Amino acid sequence: MKIKVLRDFIFNLTFLLLPFVRSFAYKISPNTFYVKFNSSPFTSSIDHIEAQHVTFHKELNKLGIHVKIKDVFKRYANGLSIETDERHLKRISEIEHVEGVEPVKIYRRIDPINFDHNEAYNQTILIAPNNDINSVHEVTGVKKVHEELRLSGKGVKVGFIDSGIDYTHPALGGCFGPGCRVAFGYNFVDNNDDPYDNCNGHGTHVAGIAGGMDPRDDGPGFVGVAPDIIFGAYRIYSCDSCENNKCANDAEEIIIMKAIIKAVDDGMKIINLSLGIDGNNKNMLATLVNELTKYKGIIFIVALGNNGFDGLFTGGLPATTHHTIGVGSFETNKVLNFKAFDPRNPEFVISYISNNATAFPFENAKIKLFPMDKCLNDYKEFDNTVIIVDLRNELKCPELTIRLAKIKPLAVLESLDKFGVQYKQLTYLPTKYGAMIYSQQTDILIKYLEENPSLELDFSDKYGYMEDHPFAVTPSVFTSWGLSNELDIKPEVCAPGGFMLSAYPVNIEPYLLNSGTSMAAPYITGVTALYYEVFGKLKSPEDIKTALMNNAVPLKSRNKLLASVLHQGAGFVNAFNALISTSFVHPPKINLNDTVHFNGYHKLTVYNFGRGEMIYDLSHLPAPCVDGYNNTFIGNFYGLNFTNQHADVKFDNDQITVPPGSSVEISITFAPPRELPKDGHWFYSGWVVITPLDERMPSMTVPYAGLADDAKSLPIFQTPKFPKLANLTENYITNEDPVKSFSFNTSIRLLIDKPIVHLGLATPTEMIVTEILDANQEFLGFVKDYTGIKIMKNPVETSNNLVSWNGIIYNINDTGTLAPNGEYFIRIKALKLFGDKNNEKDYEYWISPKFRVEKPIFTNPLQ
């Protein structure tokens, strides 16, 4: 039986306009596409733009193609979003003036890492005397900016495209509209003028970090980075629920574009985006961001992502876009803790980190260690107790979920793992009170409990204490690594993002601790507002990015090694140095690429805007080389390989003199490390350091990074671990197993018995093509939904990067055929980094174990 296919594979096997499977790193809006015209509104007249739109509609009528026009863009972007059957896309792409057609993607809010928010139970946040709730500003230079430079971001308009802002919060002004702190905004969820964040909380938390200030005498004294900015709140996320395949943390790309345009029209000079997807730098949102930066001077601060556990190449769009400032996360210096003690031995005290930034509301409680290594017949002994859940141990009771539903623990203390974050959570524990304790505290408490099995702790102290973070001011283990797919240095700069305290919707909890690059990005947004307050009318976005990067400080990771540029970019932000420096160095970063595209000769220009002559010493600060392709493919620095080999860096002069109001160009020659271990793919990096001899002025740094290898040699597939063929229950199938049969019938679990391939990529790819082969491995056709798609790196075994086959073979004759009974293989080919899509040698191949189609397939298979 023949079915009309929706793609002309001869036209272009790499055509990217496909309905992506919903389990990929991003989703798309079904049958919704963005048509981009080839003229920019910034370089063409409005008459020319209008003429392109008119031509497009005329050509559609001539071709007899029916489309539903959803949104039209003629200012800042030139295109429109349409709903149409995808079989028309090839012809639409060939219409005059059409530069490209792409699916409208769904961007995800970058969720916080540490917490599942528990039920609100205490509306008062109490800070112990002599504890500074704003101590994070001490390590970023922001405190000195407030106190010595008297800057607060006054009057700077900053837009937050997020879940809205709870403008009733006292730290965010208490009102909305002209004369209020939150003076501008729009609700794109409900299409009204009220951007109130009453349930999601993400946008309120983000806005508080950037510019909150609680003026109440009886309040906690919370102060954000730039406490006098003017907020623009643009709500694109709804409440925490999922309906019609859309969830609270999902927003269409078109909605984000409309929110950006609204923010620009409202006069926002800086826009914070704590959201992202995977992809490349050429999509429609990236184009809008780049052109608004270039032609309108808008500064985009974007969270890089929380995929650091997957290692290198894990940054997302639009943070990896060229003109944005992509932000990574460091741990804060101090964390808000609460205390409990043994009333029989008051010297025994533990500290716990409450999810709700408030102490437990009860006075005392029995303490029990929850068994992770065995099943019990009865869990009633844990009723009305505080359970210690040691997440470092493996959970071995498969029936635990059912049994836990029958008990009522008073509260849960979840142990943090060695990384300092919760990488797994017992979210099904039936309690509304939750907190975390560090591993060292867990060990002390467990040992003490063994010695005192009837232990009760006193939780009557309701004050919070700012205690030292055990991994203070080091890169967060969750923060995504660079480089970008084009080997561009990302992140540009890092800021505090681990255990950040900020405002939250008052109807839920007035303050909350969260962790993520979503928190680090608004910190940089606030610092940018402080800088803009002084220099906004004088400096371009590139100048401001340069000032932030030049004055960032390279720091060590918790493994005691200097963190790679791939992990921290230019380094940890220093707001005070950026503002007082009278020098800067351009360009702010040096991309050395791979060995094939290597350019070892670069020039930097050192500018002196001071009143006197400046002398600078030039030096080189190397970071350890890192290999992200070891046997385990574990991404964070506990699994990566490091070596102290480094690039050879030579200056034409080791010292330069720059007259006031002038600049001097310096030449630098780079050579990749020469004695690297042979069994890896090594990335090298470091910083060029420019140090003024005037000790009152800060040193400046320029990061560099490169790959000491051909980028095409980087493995796409995680061979031999992945790819893997799986059946309905996700049991992996190997070549040694008997040939597996698939029926393509619906199971009682409403799943389809069809072959599924877990990709688990080691390197992102711009293109995956999936083919069906016969029993002799001869080519039959394509799996339509997997021809030409982009997939990000995701090497973990629980990877969402899946390929499945619905039993239809699509071929070059534009028809689809139901596969008859017989034996088949799936062949997947992935384009290597920097590969030519038209060159078969630039693809990496994988062939599945043989499998069998055992019965006829119904004619309307579920996708």
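**Chatting through the model**

Modeller: Happy to! Leaving out residues up to four places away in sequence, Phe-598 touches Leu-592, Phe-670, Ala-671, Pro-672 and Tyr-684. Keep in mind that this is a predicted model.

Biologist: Where is the place of Phe-598?

Modeller: Phe-598 sits in the loop between β28 (590-593) and β29 (601-608).

Biologist: And how far apart are Phe-598 and Ala-671, in sequence and in space?

Modeller: They are 73 residues apart in sequence, and 9.3 Å apart in space, going from C-alpha to C-alpha.

Biologist: Okay, new topic: sheets. What is the order of the seven strands that form an open sheet?

Modeller: The order is β7-β8-β6-β12-β14-β15-β24, with parallel pairing. At the edges stand β7 (182-187) and β24 (493-498); each has a single partner strand, so one side of each has no neighbour in the sheet. From one strand to the next, the twist averages 25°.

Biologist: How do strands in a sheet pair, in general?

Modeller: They pair through backbone hydrogen bonds, and the pairing is either parallel or antiparallel.

Biologist: Can you zoom in on one pair? Say, over how many bridges do β14 and β15 pair?

Modeller: Over three bridges, in the parallel sense, with β14 covering residues 299-303 and β15 covering residues 325-331. Across that pair, Val-302 stands opposite Gly-326 in β15.

Biologist: What about the sheet that four strands form: is the pairing parallel or antiparallel?

Modeller: Antiparallel, in an open sheet with the order β38-β37-β40-β43. Its edge strands, β38 (732-733) and β43 (802-804), each pair on one side only. Strand β40 (residues 756-758) pairs with β43 over three bridges, and there Val-757 stands opposite Val-803.

Biologist: Let's do helices. How many of the ten residues of α5 are buried?

Modeller: Ten of the ten, so helix α5 (residues 202-211) is largely enclosed by the rest of the structure. Its buried residues include His-202, Thr-204, Val-206 and Ile-209.

Biologist: Switching to cysteines: how many disulfides does a search of the whole structure find?

Modeller: The search finds one. Cys-175 and Cys-180 form it, with their sulfur atoms 2.1 Å apart. The link is left-handed, with -120° about the S-S bond.

Biologist: Is Cys-180 buried or exposed?

Modeller: Cys-180 is buried, because its relative accessible area is 14% and buried means under 20%. Cys-175 counts as partly exposed at 29% relative accessibility. Cys-494 counts as buried at 0%, and Cys-625 also counts as buried at 0%.

Biologist: Last one! How many residues has the largest nonpolar core?

Modeller: It has 91 residues, and those with the most contacts inside it are Tyr-352 and Phe-459. Helix α10 (residues 517-535) gives the most to this core, with eleven residues. Another core, of 38 residues, lies apart from it, and Ile-161, Phe-188, Ala-286 and Leu-292 are among its members.

Biologist: What does Tyr-352 touch?

Modeller: Not counting residues up to four places away in sequence, Tyr-352 touches residues including Phe-338, Phe-360, Leu-413, Met-436, Ile-437 and Phe-459. As a general rule, nonpolar side chains tend to be buried together in soluble globular proteins.

Biologist: Great, thanks for the tour!

Definitions and conventions. Residues numbered from 1 in each chain as written. Predicted model: local features only at pLDDT ≥ 70, side-chain atom pairs only at ≥ 80, totals over all residues. Heavy atoms only, no water. Pairing = 2+ DSSP bridges. Helix = DSSP H or I, 4+ residues; strand = E, 2+ residues; numbered from the N terminus. Axes fitted to C-alpha atoms, helices over the stretch in contact; angles between N-to-C directions. Buried < 20%, exposed > 50% of the residue type's maximum accessible area, 1.4 Å probe, protein only. Disulfide = S-S within 2.5 Å. Core = buried A, V, L, I, M, F, W, Y, C linked by side-chain atoms within 4.5 Å. Contact = heavy atoms within 4.5 Å.
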